[in-house]
Amino acid sequence: MIPEHAQEFIRRNTDTGTLPSSFSMFGREWALAPGVFAPVYDLSTALFTTWLPLARGTELLEVGCGAGITSVVAALRGCRRVTALDINPAAVRNTERNVRQHAVEDRVQVLESDLFARLPADDRYDLVYWNSSFVDTPVETEQLSAIERAVIDPGYRTHERFLAEAPYHLKPGGRIFLGFSTLGNRGRLDELAAAHDVGIRTHRVSGSAVSADVTYQLLEVQKGGAQG
């Protein structure tokens with residue numbers, strides 16, 4: 001069963017009569033295309049982008065870039081190389097538009113990719129990040145729309161692939177982050193992490209002042225690390 005909060009989010013994202021074509025975030029204007037995860041209806045994008053350690057000179061790999069907010073902001077904050085990936089062609093085009101709009105084409109590469117499939121095997125980064133589709137339901141992935149796939153990961157099959165493959169795209173001393181929330185199945189996530197010899201620790205959590213219904217969590221994935 002899809003949680004009510006997630007159902008409402010999906011409904012608002014698919015209501016073409018009210019979906020905005022642009023929005024403001026971080027003091028800037030952003031383009032939003034139909035069929036792309038809308039950050040205006042959920043707090044996760046703004047929170048996680050603020051919480052990520054986007055230090056000047058680092059290199060970021062973002063999985064599931066959506067409209068491209070995090071990747072563009074990372075470049076604007078001084079990340080010297082950013083690669084933005086999304087399986088949704090509409091999200092790729094949307095991110096490319098926002099990259100041009102904010103003049104960071106020299107630092108941001110955008111690829112249509114199912115997780116890391118389009119990346120060279122030796123392509124490595126200081127930070128690997130995914131604002132994950134953390135709702136776990138028994139429906140088949142093939143039955144989901146692009147927007148639903150941005151929210152739902154049946155059986156956590158994509159999460160398992162992320163946990164298994166992300167470490168191979170990390171530089172020595174690099175870090176992996178996963179955007180999550182209390183709508184997610186943390187028990188299942190921890191099981192998958194243990195099976196792939198990685199640990200999950202909570203890097204940062206939102207308080208009740210942010211949302212009374214959902215707690216947002218930025219998790220750090222650590223090779224051979226403990227859960228916590």
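This is a predicted model: local features need pLDDT of at least 70, side-chain atom pairs count only at pLDDT 80 or more; totals for chains, interfaces and linings use all residues.
**View 1**
When its neighbours within four places in sequence are left aside, T83 is in contact with L60, L61, E62, Q109, L111, L119 and Y125.

Not counting residues up to four places away in sequence, L85 touches L61, E62, V63, G64, C65, L111, S113, L115, F116 and L119. L85 and V151 are separated by 66 residues in sequence, and their C-alpha atoms lie 16 Å apart in space.

**View 1. The salt bridge between R81 and E59.**
The side chains of R81 and E59 meet in a salt bridge, with 3.2 Å from N to O. This pair links distant parts of the chain, since R81 belongs to strand 4 (residues 81–86) and E59 to strand 3 (residues 59–63), the two residues being 22 residues apart. How accessible are the two partners, R81 and E59? R81 is partly exposed, with a relative accessible area of 25%, whereas E59 is buried, with a relative accessible area of 10%; the cut-off that separates these two classes is 20% relative accessible area.

K171, at 23% relative accessibility, counts as partly exposed. K171 forms a salt bridge with D126 as well, and in that pair the closest N and O atoms are 3.7 Å apart. Because D126 lies in strand 6 (residues 125–131) and K171 in strand 7, the pair ties together parts that are 45 residues apart in sequence. D126 counts as partly exposed, at 22% relative accessibility.

Side chains of opposite charge can pair when their charged atoms come close.

**View 2. The largest pocket and its lining.**
The largest pocket holds about 750 Å³ of space. Its lining comprises 47 residues, of which W130, S133, R149, A150 and V151 are the closest to the centre of the pocket. At least two residues of the lining are supplied by each of helix 1 (4–13), helix 2 (44–51), strand 3, helix 3 (69–76), strand 4, strand 6, helix 5 (146–149) and helix 6 (157–165). By residue class, the lining of the largest pocket divides into 23 nonpolar, 14 polar and 10 charged residues.

**View 3. Helix 4 and the elements it packs against.**
Helix 4 (residues 89–101) has 13 residues and reaches 18 Å from its first C-alpha to its last, which is close to the 18 Å expected at 1.5 Å a residue. Its buried residues are A90, A91, V92, N94, T95, N98 and V99. These buried residues of helix 4 pack against strand 2 (28–31), helix 3, strand 4 and strand 5 (108–112).

**View 4. Two loop residues with positive phi.**
Y156 is a residue other than glycine with a positive phi, near 55°, and Y156 has its place in the loop between helix 5 and helix 6. With a relative accessible area of 0%, Y156 is buried. D197 is likewise not a glycine, and its phi is positive at about 60°. The place of D197 is in the loop between helix 7 (186–195) and strand 8 (198–205), where D197 is partly exposed, with a relative accessible area of 48%.

Definitions and conventions:
Residues are numbered from 1 along each chain as its sequence is written. Side-chain values use heavy atoms; hydrogens and water are left out. A salt bridge is a side-chain nitrogen of Lys or Arg within 4 Å of a carboxyl oxygen of Asp or Glu. Helices (H or I, at least four residues) and strands (E, at least two) are DSSP runs, numbered from the N terminus. Buried means under 20% relative accessible area, exposed over 50%, partly exposed in between (1.4 Å probe, protein chains only). On a 1 Å grid over the protein atoms alone, a cavity is a set of points where a 1.4 Å probe fits but cannot get out, and a pocket is an open set with protein on both sides within 12 Å along at least five of seven lines; lining residues have an atom within 4 Å of a point. Grid points are joined across faces, edges and corners, and a volume is the space filled by probe spheres set on the points. Ala, Val, Leu, Ile, Met, Phe, Trp, Tyr, Cys and Pro count as nonpolar, Asp, Glu, Lys and Arg as charged, and the others, Gly among them, as polar. Contact means heavy atoms within 4.5 Å. The expected span of a helix is 1.5 Å times one less than its number of residues.
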